[in-house]
Structures are given as structure tokens and as C-alpha cells.
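Hi,

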Amino acid sequence: MTLEIIGAGFGRTGTSSLKIALEHLELGPAHHMFEVRDNTEAQLPLWEAVAAGGQPDWDQIFAGYRAQVDWPGARYWRELAEAYPEAKVILTVRDPDEWFDSVSATILPFLAGRADHPAPVRRIAEMADRVVNHGVFGGRMSDRAHAIRVFRDHIAAVKEEIDPARLLVLDMREGWSALCTFLAKPVPAITFPRLNSSRQFNDEEWKRA
């Protein structure tokens, strides 16, 4: 199995909903940070090695997955687009200020509290801090102006570097229509999934870890 979908969108742009939508369209399993949480023994050491600067074996990391969305994979969208040249790229987008508000209510507290998390959640948070906060935002993810600038620059870079025929820029409020057209799939007879609100992230999503 090889990746058919590369999710280039940052976390908190609807990546949880996209994961479920792709799986409804039979393009799963879709890799997401929750896969690291739920398959810690298999996944976490691989991502810790990447975070430490090791050479990634993408086929090993994404073995059994047809799609990748969210962190930590989104950090490596360029590398993945090159490694899987036939894969389509989906860039999920959101109003930048709303995105940062969501990050401030979810990811930032999760990272800031990592010393108090039980293992292996602490290790996941430490890996995410390296890959996301330091790897993408230069350690300044909590700086609103800086983070929004990085967010905007990232969107511009993906649009510039990925062949438009290969790329879908997706606001998740569009629902099934744009996604199904891009993937040449019929629109399912179910409501488009809308998951992982800030409240879900904080109240539910990491309790299983």
C-alpha cells in the first residue's frame, strides 16, 4: 500500500473531519496524530526518530495507510509529495485568526503542559513540540503574529509548489462537494463529518492515550 492522499494542511484546519471523510470515501486508513496516540508502540518511536533528525522511512511510517492528514505528517508535505509523486495533495485552510484561536485553546496548552502528562502522552507532546513548534514555527508557535505569518506563508508555498492539477485547497465548510469532485467519488448519503472541536480536543480526544 502506498499513500494516495497527502494532507498538507496544518492541524486545527479540519484535519480530523478530513480523516473521517476520506475513510468514508474508502481512501483510508488515514494517518493523523491520533494514529500516533492510538498505536503508540508502532508509531511513536518512528516519529521520535524523525523528530531527532533521523532519515525517515516513509514506507515504514505509513505502512497500511492510504492517506495522511494533520501533524506530524503535514510538517513533511514537500518530502511526501516527492516520495509519492502520484498522490493527490489536499491543503485544508481556515481563517488565520480563527485558526490561531483554536491552536491557543488546544495544541498550545497540550504542549505547554507536557511535563505533567502521563507517559506516553508526554512523549507524544515532546515529539510534537520538536516537529511542530520548533520544526515549523521556530519555537514561536505561541506568538500570534508570527504563527499567523507562518500559516499564511505555508499556504502560499503549497499553492506555488504543487501542480494545480494535483492540489485541492479545501475549506472544510464546503462539505462533500469539492472533495468528492477532486477525488472523482460520488457524494455519500451522510452528513459531512465535523469533528474535534476545541472542546472535544481538551475534554475527550487525549483521554484514551
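Below is what I found in it, from the overall fold down to single residues.

First, the ground rules. This is a predicted model, so I kept local features only at pLDDT of at least 70 and side-chain atom pairs only at pLDDT 80 or more, while totals for chains, interfaces and linings use all residues. Residues are numbered from 1 along each chain as its sequence is written, and side-chain values use heavy atoms, with hydrogens and water left out.

**Overall**

The chain has 11 helices and five strands (DSSP runs numbered from the N terminus: H or I of at least four residues for helices, E of at least two for strands). Its radius of gyration is 16 Å, close to the 17 Å from the globule rule for 209 residues, so the chain is as compact as a globular protein of that length. That radius is taken over C-alpha atoms, and the rule is 2.2 Å times the number of residues to the power 0.38. Along the principal axes, the C-alpha atoms fill a box of roughly 45 × 35 × 35 Å. Of the 209 residues, 52% are buried (under 20% relative accessible area, with exposed over 50% and partly exposed in between; 1.4 Å probe, protein chains only).

**The sheet**

The five strands form an open sheet in the order E2-E3-E1-E4-E5, with parallel pairing (two strands pair if DSSP finds at least two bridges between them). Strands E2 (30-31) and E5 (167-171) stand at the edges with a single partner strand each, so one side of each lacks a neighbour in the sheet.

Going through the pairs, E1 (residues 5-7) is joined to E3 (residues 67-68) by two bridges, with isoleucine 6 opposite glutamine 68. Three bridges link E1 to E4, and there isoleucine 5 has lysine 88 as its bridge partner. E4 and E5 share five bridges; leucine 91 stands opposite valine 169 in E5. Five of the six residues of E4 are buried, so this strand is largely enclosed by the rest of the structure.

Helix H1 (residues 15-24) lies across E1, E2, E3, E4 (88-93) and E5, at about 145 degrees to E4. Helix H9 (residues 144-161) lies across E4 and E5, at about 155 degrees to E4. Axes are lines fitted to C-alpha atoms, for helices over the stretch in contact, and angles run from 0 to 180 degrees between N-to-C directions.

**The cores**

The largest nonpolar core has 50 residues, and those with the most contacts inside it include Trp47, Trp58, Phe62 and Trp71. Such a core is a set of buried Ala, Val, Leu, Ile, Met, Phe, Trp, Tyr and Cys residues joined through side-chain atoms within 4.5 Å. Helix H8 (residues 121-137) gives it the largest share, eight residues. A second, separate core of 20 residues includes Leu18, Val69, Leu170 and Phe192.

Beyond its neighbours within four places in sequence, tryptophan 47 is in contact (heavy atoms within 4.5 Å) with residues including His31, Trp58, Phe62 and Met127. Tryptophan 176 belongs to helix H10 (residues 176-183) and counts as buried at 6% relative accessibility.

Best wishes
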